[in-house]
Amino acid sequence: MEPAISHSAKRRNSLFARIFRVGLISALTALIAAAWAQPSTAAGDAARGKYLFDAAGCLGCHTDIKNKGNPLAGGRELKTPFGAYYSPNITPDADSGIGKWSDADFIRALRNGVAPNGSHYFPVFPYPSYTGMTDKDMLDIKAYIFTTPPHKTVNKPHRTLPPFGTRLFVGPWKALHFTPGPLQPDPAKSAQWNRGAYLVRAVGHCAECHTPRNLLGAKKTDMDMAGTADGPDGGTVPNITPDRKTGIGRWSADELEDFLDSGMLPDGDFAGSDMGDVIDQSTSRLSKADRKAMVEYLRSLPAVDNRIEAKKKSPAKIKKKK
Amino acid sequence: MMISLLRTGAFAAVLVTFAAFPALATEDGAIKHRQAVMKAVGGHMGAMSAILKKQVPFTKDLGVHASAMAELAKIAARIFPEGSDFGETRAKEDIWAKPKEFAKVVQAFITESEKLAKVAKTSDINAFNAQFKAMGKNACGACHKPFREKKK
C-alpha cells in the first residue's frame, strides 16, 4: 500500500534526514576532534608556550608600555588608517581578562578571529596570520599566559571610523579576505624551509607589517612582503623580498641572521621603532636554528620590485618647534 | 604714506629674515651635524661588522674602529641640542621630554664603547665579538628604539 505521505512531505522528510545526518557527522567529527585535542589540552606546555609567545610578539601589543601598563593588561593604542584600536586585557584575570576562557575559546579567537560570544575580532589582532598555528602551539601559549599574574584592567573602547568600527563589517570582510586553518607544510621543501615558513608566516606575522594593503585593509597578495609607505603609525616599512635593487637581495644570509639577532643592518645602522621591538621581543629570543630557518624561507620568497620611499614631507607636515 | 608703509614693511621683512635666519640655520646645522656624526658611528660599526664576518681580512684594524667609536660616544651627548627636533630629522621629541632616560642611553653608549676599545687591545676575537653585540644592543638599539622616529 502506498504510504499516506505527499510528495513534498517525502522530500521534506529526506531533507530532514539529510540535515540530521550532516548534524550527526559534524557532531561525531567534533567529538573526534575533541578527543584528539584532549591530550594537548591537558598538557599545555607552558615553557614551550613561552617560546612561542615570544616568537609571536603577544606581549608588546597587549601591554601599554608607553603608559607603564601592567604586562598583558592591554590598553596599548594601535593607530591605523581606520582609527585607533586598543588591545584588550589578556591576563588570566577572571573578570577583566581571559581567566574564564576554555581552550576552545582560545583556539577559536586565534584560528577564526571569533570571540566567545560569537562576534568577530578586527584584523588588527593578527589572527589572519596566527590562524596558521597548530592547536598544540596555541594551547601551549595559553598555558603560558595562564601562569602570568592576573591584572584587573578594564578594556578601552576602540576609536574608529565607520564602517571600520563596527564588528558587523568584519564578517563580510573575513569572507573575502581571510582563510582560516593551520599552515600546510610543503612536502617538496626541506624541513628547515617549512619551519621557517611557519615562523615567518603564522607565528612571526611578518606580512602584517611588511605587505602593503588595499583600501579595505586587505593584504595585496601579489605584493607579498614588498613593503609599504603606509605602515603602522604612518611610517614606512621596507621591502624584504629578495629583490636586489629595492629589497634585501644583496644581504647575505649571515647579515639577515645577524639582523634578526641584534638589529644591525649591513651598513652599520640599527633598526629602531616597530622592528626594534620585533627583534627585542621576538626574533632575538629564538634559537639560532629557528633564525636560520626564517632566513632560508625569506630568501626563497619571490622578488618584488617595489621601492619604498619616505613620503616627502610637505612644509606643513614638518615638525614645528614649540 | 604708502611709500613709508612699504618701506617699514620691507624693513620689517628684512628684520624678520635676519632674526629668523640665524636661528633656522643653527638648528638645521645641528641636525646635519648630528646626522653626520651618526653616519660616522654607523660607518665604524659597518666596517667592524664586515671584518668580523670575515668579508675582509683586516682583523688588526678592529682596534682603530673601536677607539674611534669610544671617542665618538663622548661627543654623542652634545649632538642633541634643545630645539633640534625642528626640520628634517628623525630625532624624537622624547629626547628632550625625557632627559633622564635619554641620558641613560647616552651613558650606555660611552660605557659599552669604552669596553669595546679595551677588549680590542686583548686580541681575544670571541670576547670582541660578544662586546660588539652587547654594544649594538645596549647602546645603538636601546637608543634608536625609543628615540628615533620611523621613516615617514
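**View 1. Salt bridge between Arg48(A) and Asp137(A) in the predicted model.** The side chains of Arg48(A) and Asp137(A) form a salt bridge, with an N to O distance of 2.8 Å. This pair connects distant parts of the chain, as Arg48(A) belongs to helix α2 (residues 46-56) of chain A and Asp137(A) to helix α6 (residues 135-145) of chain A, 89 residues apart. Arg48(A) is partly exposed, its relative accessible area being 33%. Asp137(A), by contrast, counts as buried, at 4% relative accessibility.

**View 2. Salt bridge between Arg111(A) and Asp135(A).** Here the side chains meet at 2.4 Å, N to O. The two residues lie 24 residues apart and again link distant parts of the chain: Arg111(A) is in helix α4 (residues 103-112) of chain A, and Asp135(A) is in helix α6 of chain A. Arg111(A) has a relative accessible area of 8% and is therefore buried, the limit being under 20%. Asp135(A) is partly exposed, with 31% relative accessibility.

**View 3. Salt bridge between Lys74(B) and Glu71(B) within one helix.** An N to O distance of 3.1 Å separates the paired side chains of Lys74(B) and Glu71(B). Both residues are located in helix α2 (residues 62-76) of chain B, 3 residues apart, or about one turn of the helix. Lys74(B) is partly exposed, with a relative accessible area of 43%. Elsewhere, salt bridges with shared partners join Arg48(A), Lys136(A), Asp137(A) and Asp140(A) into one network. Over all chains, the structure holds 28 salt bridges.

**View 4. Helix α5 of chain B and its kink.** Helix α5(B) comprises 23 residues (125-147) and spans 31 Å from its first C-alpha to its last, close to the 33 Å expected at 1.5 Å a residue. A kink of about 35° is centred on Gly141(B), a residue that is itself buried. Other buried residues of α5(B) include Phe128(B), Phe132(B), Met135(B), Cys140(B), Cys143(B), His144(B) and Phe147(B). At the start of the helix, a side-chain oxygen of Asp124(B) comes to within 3.1 Å of the backbone nitrogen of Asn126(B).

**View 5. Chain B as the setting of helix α5(B).** Chain B contains 5 helices and 0 strands, following the pattern α-α-α-α-α along the sequence. Of its 152 residues, 38% count as buried. Among contacts between residues at least 6 apart in sequence, 71% join residues at least 24 apart. The accessible surface of chain B amounts to about 8,900 Å², with 67% belonging to carbon and sulfur atoms.

Definitions and conventions:
Residues are numbered from 1 along each chain as its sequence is written. Chains are lettered from A and ligands numbered from 1 in the order in which they are written. This is a predicted model: local features need pLDDT of at least 70, side-chain atom pairs count only at pLDDT 80 or more; totals for chains, interfaces and linings use all residues. Side-chain values use heavy atoms; hydrogens and water are left out. Helices (H or I, at least four residues) and strands (E, at least two) are DSSP runs, numbered from the N terminus. The expected span of a helix is 1.5 Å times one less than its number of residues. The bend at a residue is the angle between axes fitted to the seven residues ending there and the seven starting there. Buried means under 20% relative accessible area, exposed over 50%, partly exposed in between (1.4 Å probe, protein chains only). A polar contact is a pair of N or O atoms within 3.5 Å; within protein, one must be able to donate a hydrogen and the other to accept it, and residues adjacent in sequence count only if both atoms are side-chain atoms. Contact means heavy atoms within 4.5 Å. Accessible areas come from the Shrake-Rupley method with a 1.4 Å probe; for residues, only the protein chains shown count as cover. A salt bridge is a side-chain nitrogen of Lys or Arg within 4 Å of a carboxyl oxygen of Asp or Glu.
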